[in-house]
Amino acid sequence: MKAVRSVKAVRRTRSLPALLLAVLALLAVTVGAPQATAATGVSTIADALRRNPVYVDPAAAAQLSTAEADTLARQIKNADKPLFIAVLPAGYPTRNLFTDLRTATGITGLYAVRLGDRFDARADAAVLPRTAVQNLVTSVQGETSGAQLTDFTDRALANMGGKAPSSWGGGATDGSGISSTALIALAAVVVAGGAGAYALVRRNRRRHEEEQRAALDRLRVVVDEDITAFGEELDRLDFHPAEPGADDAMRADYERALNAYDQAKSAMADARRPEDVRAVTEALEDGRFSLAQLAARRTGRPLPERRPPCFFDPRHGPSVTDATWTPPGGAPREVPVCAADATRLADGRDPVIREVDTDRGRRPYWDAGPAYGPWAGGYFGGGILPGLLLGTALGGWMSAPAYAADYGAGYGDFGGFDSGGYQGGEVSGADFDPGDFGDFGGGGGDFGGGGGDSGDFGGGF
């Protein structure tokens with residue numbers, strides 16, 4: 001009996017190491033499971049952004065302190081702009097991140113994501129066009145987290161449109177949709193009294209009209225130069241509809257160019273305010289493209305692509321490519337350029353810039369005053385203008401609230417929003433253009449070198 005018990009005891013003893021190993025393995029799995037925390041869901045991030053403009057994931061807390069995040073949030077709320085910032089850990093999944101985040105949040109706006117040491121942004125076109133977003137992102141690449149998000153916020157708020165969503169709380173309304181500024185202004189008028197208020201309004205209106213006339217008179221000189229230059233191009237072309245080799249397509253191009261010339265002269269003659277000159281430069285831009293088409297047909301060359309004029313001087317004609325250019329004190333950006341200016345930039349020389357007379361002497365048109373916004377908008381409409389003027393004096397003027405009141409809206413999507421009828425900060429749900437949040441083909445944050453699925457960040461996420 002003792003022998004039997006001894007054998008069983010030995011068997012039990014020998015089985016202990018295996019049992020212990022199994023228990024330890026089970027403990028390791030149990031203890032290790034909470035450490036493999038899943039990434040925060042997009043819905044959670046979106047819910048946080050609907051309540052506050054800045055979200056910092058717990059796993060990315062080292063990238064941006066609570067104090068820094070609070071400072072950015074206050075700045076964005078005070079600016080009353082729909083800018084959303086998310087700081088996420090380096091390993092966060094990026095496939096369709098922007099599109100999914102925009103869908104889950106459901107608010108028209110500008111969305112920026114700092115992911116590890118990488119950064120990118122996307123926006124609804126109603127808030128900021130693609131070119132402007134791309135230039136903003138490029139301008140802050142390589143900076144530390146705090147500096148990058150601060151610089152991006154400063155520059156974005158100065159250039160974007162829209163209003164902050166009401167879900168952030170506070171803001172510029174009293175809960176009834178009436179702005180505090182409007183209520184204060186109304187109260188001031190009432191207190192001022194009937195006769196005094198009337199006199200004040202008349203005096204302000206008269207001064208405003210005088211300022212508008214003075215701005216138009218100065219602008220008229222530049223516009224007349226443009227019209228004259230286009231007329232000279234028509235003369236140099238020396239095209240005759242009945243000349244040998246002329247066909248219906250050539251004659252149609254020539255007729256469109258002549259009509260554009262007449263429209264430009266007529267619109268300038270009828271102009272009463274600076275914003276009226278946009279119709280003039282729109283006609284001139286269309287006429288120059290018609291001339292470029294006619295020139296290509298006459299020489300048997302391929303028809304040119306419809307591109308904006310040369311950024312440095314629209315009189316150079318339609319651009320042929322985009323080139324990187326950095327304005328003094330500004331950030332690099334891609335601008336459309338003519339062949340001659342493209343060569344100059346490639347050789348390290350300065351482009352030939354359109355300068356106009358100002359109180360400070362001859363200055364580039366983007367540094368000459370806010371009245372040049374409509375002039376430039378006619379040439380560079382369709383959403384391209386904000387990105388081109390980012391960081392320039394004219395770009396800053398056009399982003400100011402007073403600009404739309406003085407010079408109208410819609411100059412390159414600075415004031416006129418067109419995104420399914422939703423303005424920045426409004427709840428649109430899933431009703432938005434996914435193309436605004438997709439891959440720019442390497443733009444909008446070209447980080448380079450990132451392996452794996454780049455998702456919708458374009459270059460490395």
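**Cavity lining and buried residues in a predicted model**

Trainee: Which element gives the largest share of the lining of the largest cavity?

Mentor: A cavity is a set of points on a 1 Å grid over the protein atoms alone where a 1.4 Å probe fits but cannot get out, and lining residues have an atom within 4 Å of a point. The model is predicted: local features need pLDDT of at least 70 and side-chain atom pairs pLDDT 80 or more, whereas totals for chains, interfaces and linings use all residues. Residues are numbered from 1 along each chain as its sequence is written, and side-chain values use heavy atoms, without hydrogens or water. The lining includes Glu285, Arg307 and Tyr379, and its largest share, 3 residues, comes from helix H10 (a DSSP run of H or I, at least four residues), residues 278–299.

Trainee: Is Leu388 buried or exposed?

Mentor: Leu388 belongs to helix H13, residues 385–389. Its relative accessible area is 1%. Because buried means under 20% (1.4 Å probe, protein chains only), Leu388 is buried.

Trainee: What distance separates the C-alpha atoms of Leu388 and Val335?

Mentor: Leu388 touches Phe311, Arg333, Glu334, Val335, Pro336 and Phe380 (heavy atoms within 4.5 Å), leaving aside residues up to four places away in sequence. Leu388 and Val335 are 53 residues apart along the chain, and their C-alpha atoms are separated by 6.2 Å.

Definitions and conventions: On a 1 Å grid over the protein atoms alone, a cavity is a set of points where a 1.4 Å probe fits but cannot get out, and a pocket is an open set with protein on both sides within 12 Å along at least five of seven lines; lining residues have an atom within 4 Å of a point. Helices (H or I, at least four residues) and strands (E, at least two) are DSSP runs, numbered from the N terminus. Buried means under 20% relative accessible area, exposed over 50%, partly exposed in between (1.4 Å probe, protein chains only).
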